[in-house]
Amino acid sequence: MFSSPGDASTERDVSGGWYDAGDYNKYTRWHAGYLIDLLHAFADNPGIWGKDYNIPESGNQHPDLLDEIKWGMDWLIKMQEASGAMLSIAGLAHASPPSAATGPTLYGPPNTSATLAAAGAFALGATVFGARAGLTSYAAGLKTRAERAWNWAVANPNVLFKNNDAAYNSQGLGAGQQETDDYGRLGHKLAAAAYLYQLTGKAVYNTFVNAQYLNAHLFVWYNYASPFEGALQQALLHYASLPTATPATAAAIRSAFVAGMEGTDHWTAMSGKTDPYLAHLQVYTWGSNAIKSHEGNMFAALAHGALGTRPAAANMNAAAHYLHYLHGVNPLGKVYLSNMGTLGAANSVDQFYHTWFAHGSAKWDSVKDSTFGPPPGFLVGGPNPGYNWENGCPGLHPGCGTAVPAPPFGQPPQKSYLDFNDSWPLNSWSVTENSNGYQSAYIRLLSRFVS
């Protein structure tokens with residue numbers, strides 16, 4: 001336990017799972033979201049997933065994507081306590097390569113937000129795995145865990161924990177802040193209720209969706225369809241697709257989403273060619289490439305659900321423009337995936353921020369200058385006009401250099417990018433860090449165009 005780092009009585013197995021982003025930490029709430037994205041990617045298009053992706057499980061009876069999802073799900077299981085509560089975070093020691101790390105792993109206590117997010121992932125996982133021969137027993141276990149998590153969260157609706165926060169005496173535990181706010185917890189609870197209702201058919205979950213869906217920003221902010229709320233919109237649309245969903249609720253969700261997608265930042269921007277690359281975003285922030293993927297998935301959701309009056313082909317064509325942007329149709333002509341030259345990319349990402357593939361690493365720093373470079377296929381965060389070096393530079397540290405790197409600084413939004421992986425004080429992570437969240441959103445978008 002992070003608060004008792006030398007107390008062996010608090011020791012537990014939290015091995016497995018995925019490193020979250022440019023660091024080796026593992027955040028339960030976010031991890032659950034990655035699983036939900038990948039489960040949807042599989043369920044949307046199950047026939048495309050092969051058994052030959054060269055992972056340890058390749059060649060068994062299940063598609064490799066399901067094997068990979070199970071690897072992530074097995075870690076989520078380890079983070080659940082007998083009560084149903086979910087531990088919030090595992091903070092790992094860092095080194096390059098990760099096998100060289102010798103420090104302890106410290107975990108954080110349960111919190112409500114992680115428990116609600118995990119309830120949704122367990123429930124959707126139980127539905128998807130339950131349809132596969134050989135995985136029905138595993139799915140039954142996930143169902144039990146989903147309901148146990150829901151029940152704990154209902155009984156403990158406001159258990160908070162902030163990592164890396166002096167107020168919680170958790171300085172140094174993790175990097176990003178995994179805790180969320182009241183609205184974030186409501187979103188996770190709505191999503192969990194939708195997936196649990198599909199799984200169990202129990203009225204309690206349907207009742208919760210019916211009672212609370214109007215509190216989603218999609219309704220509160222008058223048909224606010226937003227790529228920044230992709231996970232909640234995905235869950236609401238999933239609920240609306242269920243044959244036993246309350247008809248009025250399902251119709252209201254579909255209507256609000258369709259109306260929102262006709263708005264300024266979606267079909268209006270696409271039809272008016274607001275963006276010359278036909279991949280409009282209202283605002284570019286940290287992780288803009290993930291937001292591009294979410295936006296593409298929103299257009300694809302119109303086609304997938306036969307929503308609105310436009311032909312499915314038109315909606316899929318709009319979604320494809322966001323995929324094209326990530327694949328090089330952007331002002332830099334940059335394929336925003338790492339090390340794709342051997343697969344035909346003339347200008348892919350040379351280096352990105354990651355502890356493993358660190359600046360100066362003889363093996364992994366860059367494609368051009370290292371033995372291997374980073375592995376192929378990692379999606380980086382992308383253009384971020386908010387980039388700046390550390391406050392106090394240039395006098396703060398010799399690593400600052402004499403001027404803030406430009407680009408990414410001082411450029412138009414879509415050109416606020418540079419292939420670099422310098423850490424503090426140049427803080428390249430706000431531009432080139434990868435994240436499982438970027439990756440899972442991209443995988444779902446890409447999978448819609450594979451046959």
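A word on conventions before I start: residues are numbered from 1 along each chain as its sequence is written. Because this is a predicted model, local features need pLDDT of at least 70 and side-chain atom pairs count only at pLDDT 80 or more, while totals for chains, interfaces and linings use all residues, and side-chain values use heavy atoms, with hydrogens and water left out.

Let me begin with helix 3 (residues 112-130) and helix 4 (residues 136-155), whose axes come within 8 Å and cross at roughly 155°; helices here are DSSP runs of H or I with at least four residues, numbered from the N terminus, and axes are lines fitted to C-alpha atoms over the stretch in contact, with angles from 0 to 180 degrees between N-to-C directions. The two are therefore roughly antiparallel to each other, a label for angles over 145 degrees. Among the residues that make the contact are Phe122 and Phe129 of helix 3 and Trp150 and Trp152 of helix 4, where contact means heavy atoms within 4.5 Å. By class, the contact divides into 14 nonpolar, 5 polar and 2 charged residues, with Ala, Val, Leu, Ile, Met, Phe, Trp, Tyr, Cys and Pro counted as nonpolar, Asp, Glu, Lys and Arg as charged, and the others, Gly among them, as polar.

The contact includes Leu186, Leu190 and Tyr197 of helix 5, together with Tyr205 and Phe208 of helix 6.

Helix 8 (residues 230-241) and helix 9 (residues 247-261) have axes that come within 8 Å and cross at roughly 135°, so this pair is also described as oblique. Residues including Leu236 and Tyr239 in helix 8 meet residues including Ile253 and Phe257 in helix 9.

Finally, the second largest pocket holds about 1300 Å³ of space, a volume being the space filled by probe spheres set on grid points joined across faces, edges and corners. A pocket is an open set of points on a 1 Å grid over the protein atoms alone, where a 1.4 Å probe fits, with protein on both sides within 12 Å along at least five of seven lines, and lining residues have an atom within 4 Å of a point. Of its 36 lining residues, the closest to the centre are Ile55, Glu68, Phe378, Gln439 and Ile443. Helix 14 gives the largest share of this lining, 7 residues.

Conventions:
Parallel < 35°, antiparallel > 145°, perpendicular 65-115°, else oblique.
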